[in-house]
Amino acid sequence: MKESKEQAKKIIGLFPELLGVGGIQEAGRLTAGALDRIVRSHDNWVTSFQSINDGPGDHEFEIAEQHVSLRGFNRSKVRFVGSALGQSGKGARVVLAAHPYLALPATWMKSLSPQLKTIVMSHGVEVWNPLPRLRRRALLSADLVLAPSSDTAQKLAQIQGVPPANIRELAWPLNPDFLKMADNPAGLSLPKNFPEGRVILTVGRWAASERYKGVDDLIKAVAQLQTKFPGLCLAAVGDGDDLPRLEKIASDLGVSESIRFLTNLSREEIAACYARSEIFALPSTGEGFGLVFLEAMAFAKPLIGAARGGITDIIENRVNGLLVPAGDLRSLVEALAEILENESLRMELGRRGAENVRHRYSFDVFVDNLERIIEECGLDSAVPG
């Protein structure tokens with residue numbers, strides 16, 4: 001047994017955060033879970049995951065019926081990098097940096113152990129502008145760079161200068177645990193202050209730094225639509241430092257009673273919000289992908305999104321939702337009105353979306369695609385024969 005451990009080959013995952021709330025955190029958990037499943041099918045391979053922003057010490061989370069272990073470093077860059085460098089010579093073969101900002105420590109690891117293959121994952125908006133020189137150089141030195149959408153892949157090539165031959169598109173999957181809730185919505189309980197009547201749902205992080213999410217436009221749209229659709233409400237799930245501004249917009253427009261900001265919800269309560277709403281809308285102009293759209297599709301909800309960024313990979317116009325020009329309030333109002341007044345359109349868009357997410361964005365598909373990428377970095381060739 002001791003000899004087997006000494007000879008084990010290792011995939012190291014460097015993550016910004018795995019235990020928190022948000023799209024990057026969820027993408028990280030799904031990636032860690034997929035890597036954990038992959039190594040189980042290859043003899044003598046192990047994983048080692050570390051997160052710079054999670055609390056100190058060893059932790060565990062569950063995803064896809066798997067228990068995944070990690071070590072957190074409580075925002076200590078020195079200890080995080082020191083640990084990563086310390087692992088570079090202990091059977092490590094592949095290092096996956098789960099954010100472009102972590103490409104630099106991956107590069108340092110490779111300088112100590114040239115046999116290492118490095119993979120860097122991008123998410124979206126963080127690569128839409130040129131990275132600082134050192135981070136960009138580290139990104140360009142990676143063996144492979146992953147993009148969750150065709151738009152992000154294009155920006156990696158055009159803005160960061162990553163050779164197209166080194167870019168692989170890898171769409172995020174729907175969390176299989178969330179899919180189980182979608183398949184049994186009757187067992188879900190709504191939060192107490194969820195609105196009655198017809199509900200448009202949006203989900204995100206409402207931060208001043210992410211005003212591109214477009215919640216202010218959704219509030220304005222509801223104000224314009226209430227005459228035509230009495231009782232129409234917007235449920236905005238999420239928290240952030242921009243909430244006071246958004247609440248003031250609702251107050252100034254006289255629609256405070258129709259706009260519900262729902263914070264600190266459990267995953268089950270969020271799932272219940274999807275189940276109870278009629279439409280999911282997020283007219284964001286800064287999404288590299290958009291996991292929340294997959295969650296809405298799981299519950300067969302028609303989608304409305306801006307025709308910009310990674311959203312255009314997820315929403316097929318008039319197939320599973322409607323795309324509107326970025327920042328165009330009038331078009332957003334018209335799209336919402338069309339779906340609200342046309343039940344057959346709502347049902348058809350939702351049905352197609354539910355089928356799409358279960359086939360194209362399943363966790364099993366994600367695992368298979370990620371395994372092929374890992375194999376490009378020599379996983380099979382490095383396994384003892």
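Trainee: Which residue takes a positive phi in the hairpin of β3 and β4?

Mentor: This is a predicted model, where local features need pLDDT of at least 70 and side-chain atom pairs count only at pLDDT 80 or more, while totals for chains, interfaces and linings use all residues. Residues are numbered from 1 along each chain as its sequence is written, and side-chain values use heavy atoms, with hydrogens and water left out. Strands (E, at least two residues) and helices (H or I, at least four) are DSSP runs numbered from the N terminus. The hairpin of β3 and β4 has two residues between the strands, and the one with a positive phi, near 50°, is Ala-64.

Trainee: In β4, what is the bridge partner of Glu-62?

Mentor: Two strands count as paired if DSSP finds at least two bridges between them. β3 and β4 run antiparallel and are joined by seven bridges. Within that pairing, Glu-62 has as its partner in β4 His-67.

Trainee: Which residues make up the uncovered face of strand β4?

Mentor: In a regular strand the side chains alternate between the two faces of the sheet. In β4 (residues 66-72), the covered face holds Gln-66, Val-68, Leu-70 and Gly-72. The uncovered face consists of His-67, Ser-69 and Arg-71.

Trainee: In β4, what is the bridge partner of Ser-51?

Mentor: β2 and β4 pair in the parallel sense, over two bridges. β2 is mostly covered, with five of its seven residues buried, where buried means under 20% relative accessible area, exposed over 50% and partly exposed in between (1.4 Å probe, protein chains only). The partner of Ser-51 in β4 is Gly-72.

Trainee: In β2, what is the bridge partner of Lys-9?

Mentor: Strand β1 (residues 9-15) and strand β2 (residues 45-51) run parallel and are joined by seven bridges. In β2, the partner of Lys-9 is Trp-45.

Trainee: Which are the edge strands of the sheet of eight strands?

Mentor: That sheet is open and mixed in its pairing, with the order β3-β4-β2-β1-β5-β6-β7-β8. An edge strand here pairs on one side only, and the two that do so are β3 (57-63) and β8 (167-169).

Trainee: Why is one side of β11 and of β14 left without a neighbour in their sheet?

Mentor: Six strands form this open sheet, in the order β11-β10-β9-β12-β13-β14, and the pairing is parallel. β11 (259-262) and β14 (321-324) stand at the edges, so one side of each has no neighbour in the sheet because each has a single partner strand.

Trainee: In β10, what is the bridge partner of Val-203?

Mentor: Strand β9 (residues 199-203) runs parallel to strand β10 (residues 233-237), and five bridges join them. Val-203 has as its partner in β10 Val-237.

Trainee: How many nonpolar residues are in the contact of α3 with α4?

Mentor: Contact means heavy atoms within 4.5 Å. Val-81, Ala-84 and Leu-85 in α3 meet Pro-105, Trp-108, Met-109 and Leu-112 in α4. Ala, Val, Leu, Ile, Met, Phe, Trp, Tyr, Cys and Pro count as nonpolar, Asp, Glu, Lys and Arg as charged, and the others, Gly among them, as polar. By class, the contact of α3 with α4 has no polar residues, no charged residues, and nonpolar residues numbering seven.

Trainee: Is Leu-116 buried or exposed?

Mentor: Leu-116 lies in the loop between α4 and β6 (117-121). Leaving aside neighbours within four places in sequence, Leu-116 is in contact with residues including Ser-88, Val-94, Met-109 and Asp-143. Its relative accessible area is 0%, so Leu-116 is buried.

Trainee: What is the relative accessibility of Glu-375?

Mentor: Glu-375 lies in helix α15 (residues 363-376). Glu-375 counts as partly exposed because its relative accessibility is 30%.

Trainee: Which residues touch the most other members of the largest nonpolar core?

Mentor: A nonpolar core is a set of buried Ala, Val, Leu, Ile, Met, Phe, Trp, Tyr and Cys residues joined through side-chain atoms within 4.5 Å. The largest one has 101 residues. Those touching the most other members are Ile-219, Tyr-274, Phe-280, Ile-304 and Leu-336.
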